[in-house]
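Trainee: Could you walk me through reading salt bridges and burial in a model like this?

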Amino acid sequence: MTDFFPKMSEAYAQKHFPNGSVFEGAMRTVKRRSVLAFVFFGIFLAGGLYGLIWSIGRLNEFKAAGQDDMTDVGIVICGFFGLIVLVCVIMFIVLILGNLKKHDNYIADSAKHSKLPASEIEAFERQAVASDCYLLKLTTGLDRALSNATNKDGLLTRDYIYLADPFQIVMRVADLRACCFSDYTYYITVGKRHKKIHCLAICLIASNGVSVLSDTTEKAGQALMAILQQRNSAIDTNGGNVLPEGALEDYKKHVLGGR
């Protein structure tokens with residue numbers, strides 16, 4: 001198990017959770033990504049403003065010259081650049097509001113998406129920095145680098161599991177009803193052809209209906225199933241088989257008893 005799931009060390013905790021909080025670490029990751037988003041939308045905003053000023057100038061020239069046919073074209077161009085500016089401003093507001101969140105807001109958000117009381121999320125945080133917490137290294141290589149998780153490793157504490165998904169979902173191990181493989185696909189363009197890529201994910205389903213997916217390698221996923229079943233024998237693993245794409249919802253209803 002330790003090949004995939006090393007124990008929490010003081011050095012790791014200090015590096016990733018210097019304030020003793022998983023969610024403080026998540027906030028740092030979100031803010032780093034926000035900086036890139038600010039730069040991206042800033043470039044578009046600058047371009048949009050330049051285009052809007054230019055198009056307004058041209059529109060005024062068309063009006064002064066009495067070119068009614070070109071005036072309509074100028075209005076459309078102004079509207080296009082105005083829309084770009086509006087979208088960029090809205091995105092800036094969303095990013096700013098997101099970065100103003102405090103620690104308690106992240107706990108509240110996690111509790112909401114996890115369908116657990118905030119006290120349970122706080123208990124998870126305390127357990128997460130303990131020496132008996134496992135680091136769930138489910139992916140490797142490019143998959144790990146491209147992961148959208150708020151930190152690259154999940155966490156398995158004495159009572160909780162957390163896969164570091166964007167919604168910061170925390171689950172009680174005792175509440176788990178399933179831990180299984182699931183297939184999902186996406187397309188990439190190679191030349192003029194669209195290639196379908198299959199990806200392997202691990203899916204957790206809790207008795208309160210909350211579910212979460214995380215990319216995984218086959219061996220790491222099997223190791224996670226084994227350690228979770230040691231703690232909760234009621235967990236269904238679908239026999240270790242991979243759910244085909246589109247079958248997850250039916251499987252979820254099955255393990256939750258038609259709920």
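Mentor: Let's go through the ground rules, then the salt bridges.

Mentor: This is a predicted model, where local features need pLDDT of at least 70, side-chain atom pairs count only at pLDDT 80 or more, and totals for chains, interfaces and linings use all residues. Residues are numbered from 1 along each chain as its sequence is written, and side-chain values use heavy atoms, with hydrogens and water left out.

Trainee: How many salt bridges does a search of the whole structure find?

Mentor: A salt bridge is a side-chain nitrogen of Lys or Arg within 4 Å of a carboxyl oxygen of Asp or Glu. Here the search finds five.

Trainee: How far apart in helix α2 are R58 and E61?

Mentor: Helices are DSSP runs of H or I, at least four residues, and strands are runs of E, at least two, numbered from the N terminus. R58 and E61 sit three residues apart in α2 (residues 22-64), so about one helical turn separates them. Their side chains form a salt bridge at 2.6 Å, N to O.

Trainee: Is D153 buried or exposed?

Mentor: Buried means under 20% relative accessible area, exposed over 50%, and partly exposed in between (1.4 Å probe, protein chains only). D153 is buried at 2%, while its salt-bridge partner K137, with closest N and O atoms 3.0 Å apart, is partly exposed at 28%.

Trainee: Which residues join R172 in one network?

Mentor: R172 and D175 meet in a salt bridge at 2.4 Å, N to O. Through shared partners, salt bridges tie E120, R172 and D175 into one network.
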